[in-house]
Amino acid sequence: MNQNSKPKITDSKLFWMVVSLFISLVLWTYVTQQDNSTITRTFSDVKVEFTGEDELENAGLAIANVDTDEVSVTLRGSRRVMGRLDSSKISAVIDVGSITRTGEMKWAYYLKYTGIGTENNNISVVSRNPETISFSISELKSKTVDVKAEFAGTTAYGYYAKDPVVEPASINISGSSYVLQNIASVKAYIYGTDESSDLKETISVDSEEFVVLDVNGDEIDKSSLMFSVDHVDVSVPIGTTKMVPLTLTIEDTAGLTKEDCTVSIDPSQVEVTGDPEVLNSLDSISLGSFSLEGLGESYEQNYDITYPEGVTSVNNVTQAKVKIKVQGLEAREFTVTNVVCDNVPDNMIAEPVGDLTILLRGSPDDLENVSEANLHAVADLANASHETGSVTVPVTITCDIEDIGIVGSYQMTVSLKNK
């Protein structure tokens, strides 16, 4: 180090202290001047509030049809004060405590400021939009409406939400007659995600989950209404479910088996709930049985679904539609002219009246090979009366060709005469 060098002034601690003090003084002077300057600001979304509603209610009156719930104002004040303001600290206030009659109103509002102390006296109003608020004053009425609840969430796989239960089931609503006449019900919404156990929740009437509805299910503004309760209790039972297939037993007949048919059931399965032990052992639900005897080319029918005891449908499914269609086979009509009468009463003669038209089913090739010689018709008179005249009796049809099926059952008229 050079012992002969002189220290610089910038190396002095006192120098930097003086510089810092000077800078602070300059900044303080600038800020003071800026705070004292006047600026103009516009605030949107300023909420409209009413005071004196208790006095209005005591007079048997209520507010309705307020044309707007927000206004926009332009204010002037010092930069310091205006910097503290935002729309949430400003209210457009209308005092209705002195109103004593019904009718249409159009009132000016005054502005109330919060969170800025006594300095609001230094704020001036440059403009308002709108300058006045229109509303109606009508008689204060009340009505009792039903409370409904809706589960608007989701359940875990294998679970479902049963119908919500709400308490109380009805409440009293007071307010303007203009508003009350449109109210049909109120609804409380309860939410949840992948729920697997029962839900219970207390819902405030002031919350977004509690809504007032008209007859069309549209929401009505509830801000001017008074309720007989401050909350409702909603519970949602969560039950276990299982998808169970529906079945139909197909009974084969001569010339036609279930392999020759396509069978569809709609719905093919149902979602059920009930005792877990019963559900675990439940593999299917039978719709019953269907015989292919007498089936033409197709069949369609609704079947009632019978659920086992202790098991219910989640979606209230009570019927299933069964469709059966024959595939690869044809049905063709044939005429039988030679009908044999059996069990003819003693001392009587039986003569078939006319020919018998029957319907056979089989493959096209087999049907081509059918002739009347292959067909045998027997009219059974076992239950016929022993009196002369015409009787209708059942007829049994058989065919010598193995894969040919007889479609339907038959009967014909037989004439009885004495020998």
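Strand β8 (residues 132–151) and strand β12 pair in the parallel sense, over six bridges. This is a predicted model. Within the pairing, D146 stands opposite S185 in β12. Strand β12 also has a partner in strand β14 (residues 210–213). Four bridges join these two strands, which run antiparallel. Here V186 has V212 of β14 as its bridge partner.

Is strand β12 enclosed or open? Five of the six residues in β12 (residues 185–190) are buried, so the strand is largely enclosed by the rest of the structure.

**A serine in β23**

S313 lies in strand β23 (residues 311–313). Its relative accessibility is 12%, so S313 counts as buried, the cut-off being under 20%. What does the side chain of S313 meet? A polar atom of this side chain lies 3.0 Å from the backbone nitrogen of N316. A polar atom of the S313 side chain also lies 2.9 Å from the backbone nitrogen of V317. Beyond its neighbours within four places in sequence, S313 is in contact with E271, V272 and Y307.

Two prolines deserve a look. The peptide bond from E167 to P168 is cis, with omega near 0 degrees. P168 sits in the loop between β10 (165–167) and β11 (170–176). A cis peptide bond also joins D266 and P267, where omega is about 0 degrees. P267 is placed in the loop between β19 (261–266) and β20 (269–274).

Next come two residues with positive phi. D194 is not a glycine, yet its phi is near 50 degrees. D194 is in the loop between β12 and β13 (199–204). With 52% relative accessibility, D194 counts as exposed. N347 is not a glycine either, and its phi is positive at about 65 degrees. The loop that holds N347 runs between β26 (339–342) and β27 (348–352). N347 is exposed, with a relative accessible area of 59%.

**Salt bridges**

How many salt bridges does the structure hold? There are seven.

| E139 | K141 | 3.2 Å |

E300 is partly exposed at 47% relative accessibility. K321 is partly exposed too, at 32%.

E368 is exposed, with a relative accessible area of 55%. R332 counts as partly exposed at 24%. Salt bridges that share partners join E330, R332 and E368 into one network.

In the bridge between E139 and K141, E139 is partly exposed at 43%. K141 is partly exposed at 40%.

**A nonpolar patch**

Which residues form a nonpolar patch on the surface? They are L14, M17 and V18, with about 320 Å² of accessible area together. L14 belongs to helix α1 (residues 13–36). L14 counts as exposed because its relative accessibility is 58%, and exposed means over 50%.

Technical notes
Residues numbered from 1 in each chain as written. Predicted model: local features only at pLDDT ≥ 70, side-chain atom pairs only at ≥ 80, totals over all residues. Heavy atoms only, no water. Patch = residues over 30% accessible without salt bridge, like charges linked within 9 Å, V, L, I, M, F, W, Y side chains within 5 Å. Areas by Shrake-Rupley, 256 points an atom, 1.4 Å probe, with all protein chains shown as cover. Salt bridge = Lys/Arg side-chain N within 4 Å of Asp/Glu carboxyl O. Buried < 20%, exposed > 50% of the residue type's maximum accessible area, 1.4 Å probe, protein only. Polar contact = N/O pair within 3.5 Å; in protein donor to acceptor, adjacent residues only side chain to side chain. Contact = heavy atoms within 4.5 Å. Pairing = 2+ DSSP bridges.
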